[in-house]
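I opened this notebook to record what I looked up, and in what order. The structure comes first, and my entries follow.

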Amino acid sequence: MNALSDRINNLSTSQTLAMAALARELKAQGKDIISLSLGEPDFNTPDFIKEAAKKAIDENYSTYSPVDGYVDLKEAICKKFKRDNDLDYKPANIVVSTGAKQSLYNIAQVMLNEGDEVILPAPYWVSYFEIIKLSGGTPIEVPTSVESDFKITPEQLEKAITPKTKMMWFSSPCNPSGSVYNKEELTALCKVLEKHPNIYIVSDEIYEHINFSGTFCSIGSIPGMLERTITVNGVAKAFAMTGWRIGYIGAPEFIAKACTKIQGQVTSGANSIAQRATITAVEADPKVLQHMVDAFHKRRDLVVGLIREIPGLKINVPEGAFYVFPDVSEFFGKTLKGTKIENATDFSMYLLAEANVATVTGEAFGNPNCIRFSYATSDDLLKEALRRIKEALS
Ligand SMILES: Cc1ncc(COP(=O)(O)O)c(C=O)c1O
C-alpha cells in the first residue's frame, strides 16, 4: 500500500516556492543568482506595527484567541472594508486566518463538493488551482493574453458557465499579471453573473493597496453582489508582513460560520500576537504605505521600460501588484546557446542557467506563453537582472 495518500500524490508543489528554493540553493553553492521569483515585498514591516506586536507580548496575549479572530480585530476589519472598499460587513461576516492562503483553503473546503466547477480567469495565482483540486473542485480555466491586458470579457465568462459552475475565483490586482479590473469591467462581468444567481465569487484583494491606477473597486460593492461574494484580503503584501501570516475574509454569515467551524478543528485560530498587530495595521490610514507603493510604481516603470528594449518579449503595462508577465512565446522553437526552447518553463530555466536570474514559468499560473518576474527588489538588482537577460537573449 502507498504510504502517502492519493490526495497528496495528486497535488503539485508550489512552483513559485520551488523556484525560490532552487535559487537559494544555487546561491548557497556560490552562484550569483538574482531572484525575481518570489512574491514578497523587500521592505521591513513598518515600526508602528512592530511596536503593537511588542506591546501585545508584554500584555500577555499568549492564549488561544477566539477561533475566528479577536472581536476588536474583526471590528477594525469591518471599518477597513467600509473605508477602503465600500463594503458593509459586520463582525459575524469576518474570519481571520493564518494568511490569505488559509482563508482561500477554508473557502474551498467549506463550499466545494466533488466535481463542482470553479471558473479561473487565467493567469491565476498558482495556489488557486491546487487548493480547488485538493477540495474536490474542478478548475475551469478561461485564457487571456497580453493583448487583452490579461482580463476576461463578459462573453468569455458567459461561455465558461455550466450547470456545474459553483464559483469564480480571481485576484485584482492580479498575481501574476498585475492587471486591475476597473469598476466598468467588473460591472460588465456582474451583468453576466446576474443571470446566474447561484454562482459565488471569491475576490482576492490582497494587492489592493499596491495599485497605480488611482482607483480600486471591490466586486462586492457592486449592487447585488455582496451576498454572493467572499472578499479575501490580508496584511502580507501591502504591510510587508508576509511572515506574520494573517489573512481574513468578509463573507455571508453562513460561509463565515463554516470557515470558523473548519478552523476550529484544524488551527484553533491565527497567531494571537500577529492578530493584535494587525489591528494597528488595518486601522492605519493607507497613506502610511505610500512610500512603498511609490517605490513599486517606479520599479514597474523601470522594468517595463527595460523589458521593452529586449527584442522578442511582449509586455503590457500592469497597473498593480509587483509583477510583470511578459509573453516569451516568440522564442519557442528557437535554440539559444545550444538550448532548445520549447515552452515557458524551458525559457525560465534558460534564464536561470545563462543569466543567473530566477523567474517563474507562466505554466504555473495557467498561461504557457509567459513568465513572471517579481520586481519587489532594488532598482540596481532589477537593472542588473534585465541587463543579463538581454545579453542571454541576444
Ligand atoms: C493573489 C494572492 N493571494 C493570496 C496570497 C497569500 O497571501 P498570504 O501570505 O496572506 O497567505 C498571495 C501570496 O503570494 C497572493 O499572491
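I began with Y323, which is buried (under 20% relative accessible area, where over 50% is exposed and anything between is partly exposed, with a 1.4 Å probe and protein chains only), since its relative accessible area is 0%. F322 is likewise buried, with a relative accessible area of 0%. I noted that this is a predicted model, in which local features need pLDDT of at least 70 and side-chain atom pairs count only at pLDDT 80 or more, while totals for chains, interfaces and linings use all residues. Residues are numbered from 1 along each chain as its sequence is written, and side-chain values use heavy atoms, with hydrogens and water left out.

Next I looked up the aromatic rings, where rings of Phe, Tyr and Trp (its six-membered ring) pair if their centres lie within 6.5 Å, and planes under 30 degrees apart count as stacked, over 60 as edge-to-face and the rest as tilted. By this rule I found 16 aromatic pairs. One of them joins Y61 and Y70, edge-to-face, with 5.6 Å from centre to centre and 85° between the planes. Y61 is partly exposed at 25% relative accessibility, whereas Y70 is buried at 10%.

R276 lies over the face of Y70, 4.8 Å from the ring centre, and the charged end of K334 sits over the ring of F331, at 5.8 Å from its centre.

My last entry concerns S172, which I found in the loop between strand 5 (165-171) and helix 8 (183-194); helices (H or I, at least four residues) and strands (E, at least two) are DSSP runs, numbered from the N terminus. S172 counts as buried at 5% relative accessibility. Leaving aside residues up to four places away in sequence, I listed what S172 touches: S179, V180, Y181, D204, E205 and F216, where contact means heavy atoms within 4.5 Å. A polar atom of the S172 side chain lies 3.0 Å from the backbone nitrogen of Y181. Finally, I noted that S172 and S218 are 46 residues apart in sequence and 8.6 Å apart in space, C-alpha to C-alpha.

Methods
Lys NZ or Arg CZ within 6 Å of the ring centre and 35° of its normal. Polar contact = N/O pair within 3.5 Å; in protein donor to acceptor, adjacent residues only side chain to side chain.
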